[in-house]
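Dear colleague,

I am passing on the structure below, and after it you will find what I noted while going through it. Please keep it open as you read.

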Amino acid sequence: MKVSFSYLLVLPVLLVLTYLAGIFFPDLAEHLKGLEGFASLLIVVLTAVYVFFTGLMVQQMIKAQADERRPYIIADFNIQHPHVWFVVKNIGRLPALNLTIIIDPELIALRKSNLSQKVFSTPFKFFPPGKEFRTFINAAYDFLDESQPDNYTISISYNWLGHKEFVAEEIHINLDAYKHAITVNQNTIHDLTNELIALKKEISSIEGSIKKIANR
């Protein structure tokens, strides 16, 4: 429930209106058995309302400060053609404790390793703010193949210092846009190495042909 600071103006405004009503409408004040008695009753009621809303505002401020200081864990796929990485990062201000991650459906890295069983089977006992953990999954063309799942649900659970209760959060990721996006393959160091090896072989072949012609 959100409380606005404008509620705190209710008490003084109504008291001023009551005072003005007693001045300009004396018959009304007499009918209410005296302005003083009516104003006293009104003060008691409005003071209770004032205290109630002030308490709510203090609770909101405390909660807002706690939310600002807590850890925030995010997880996503980092798709940089031709590779795909699974990334976990703490973007909050406090370390996350006992961090567990479950991926549904099961995410298989290189068609062999189940990340939930191999990589995330043991909770992260301490995951400091700003820390990023990434693990390689597969080649992008294989991971984004039409036969692979479009939707993943990442279930995250953790707590932190001063907050013993675990926070359970879910991140839903849809890969449909990635599968239909137009991309341009970028050469990796491995690709460049292969090209250099092929070029070296081509140069050697040309040198051999030149030697044969020179020896005739």
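Arg70 counts as buried in this predicted model, because its relative accessibility is 10% and buried means under 20%. Its side chain forms a salt bridge with Glu169, in which the closest N and O atoms are 3.1 Å apart, and this pair links distant parts of the chain, since Arg70 lies in the loop between H3 and strand S1 (73-80) while Glu169 belongs to strand S9, 99 residues apart. Glu169, for its part, is partly exposed, with a relative accessible area of 23%.

The structure holds four salt bridges, and another of them joins the side chains of Glu68 and Arg93 at 3.4 Å, N to O. Here too distant parts of the chain are linked, with Glu68 in helix H3 (residues 35-69) and Arg93 in the loop between strand S2 (83-90) and strand S3 (96-104), 25 residues apart. Glu68 is partly exposed at 45% relative accessibility, whereas Arg93, with a relative accessible area of 57%, is exposed.

Strand S9, which carries Glu169, also belongs to an open sheet of four strands, where the order is S6-S3-S8-S9 and the pairing is antiparallel. The edge strands, each pairing on one side only, are S6 (124-127) and S9 (163-174), and neighbouring strands of the sheet are turned by 30 degrees against each other on average, direction ignored. Between S8 (residues 151-160) and S9 the antiparallel pairing runs over nine bridges, and Ser155 has Glu170 in S9 as its bridge partner.

Conventions: Residues are numbered from 1 along each chain as its sequence is written. This is a predicted model: local features need pLDDT of at least 70, side-chain atom pairs count only at pLDDT 80 or more; totals for chains, interfaces and linings use all residues. Side-chain values use heavy atoms; hydrogens and water are left out. Two strands pair if DSSP finds at least two bridges between them. Helices (H or I, at least four residues) and strands (E, at least two) are DSSP runs, numbered from the N terminus. Axes are lines fitted to C-alpha atoms, for helices over the stretch in contact, and angles run from 0 to 180 degrees between N-to-C directions. Buried means under 20% relative accessible area, exposed over 50%, partly exposed in between (1.4 Å probe, protein chains only).
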